[in-house]
Amino acid sequence: MKLRELMTVMLCLSATGLMTSLPLQAQERPYTVTNGNQLDADSYKGFKLYRNWCARCHGTYGQGLAGPNLAQSLNKISRDEFMTTVADGKTGTIGSMPAWKANPGVMEGREYIYSYLKARADGAIGEVKPEKAK
């Protein structure tokens, strides 16, 4: 099938609602890890924000505590679901997560937090204190 024909089929499927896109998490890795524990600057910012706002419930490295294990959860939910949960909070079977939409630091940095946690979820960085890559 030629590229033009393929694009026409995709356009038709998209217009009819029969085509869905892959979640962002399957399409890209929003982080870079080198030497086992060195994160790119944005993901390192995410670690610092995570440590300040999320670790008290989700564990030092996202491994779970009072809140769920985020290193596992990010393999089950989409990026959009993560962003919505951070903004709006969530009530679970055991407890609830607060909405962070009134906290500008968290809201402005949630992409960075996602990048850090995605590196954990993908196994690119383990339960270690990351460093900022040089």
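**Pocket lining.** I looked up which elements line the largest pocket, and helix H4 (55–58), helix H5 (70–73), helix H6 (79–88), strand E3 (90–91), strand E4 (96–97) and helix H7 (104–121) each give at least two residues. Helices (H or I, at least four residues) and strands (E, at least two) are DSSP runs, numbered from the N terminus. H6 brings the largest share, four residues.

I am reading a predicted model, where local features need pLDDT of at least 70, side-chain atom pairs count only at pLDDT 80 or more, and totals for chains, interfaces and linings use all residues. Residues are numbered from 1 along each chain as its sequence is written, and side-chain values use heavy atoms, with hydrogens and water left out.

**Pocket space.** How much space lies in the largest pocket? I found about 680 Å³. Of its 29 lining residues, His58, Pro68, Leu70, Thr85 and Met97 are the closest to the centre. A pocket here is an open set of points on a 1 Å grid over the protein atoms alone, where a 1.4 Å probe fits, with protein on both sides within 12 Å along at least five of seven lines; lining residues have an atom within 4 Å of a point. The volume is the space filled by probe spheres set on the points, which are joined across faces, edges and corners.

**Whole chain.** I listed seven helices and five strands in the protein chain, and along the sequence they follow α-α-β-β-α-α-α-α-β-β-α-β. Of the chain's 134 residues, 36% count as buried, meaning under 20% relative accessible area with a 1.4 Å probe, protein chains only.

Methods: Buried means under 20% relative accessible area, exposed over 50%, partly exposed in between (1.4 Å probe, protein chains only).
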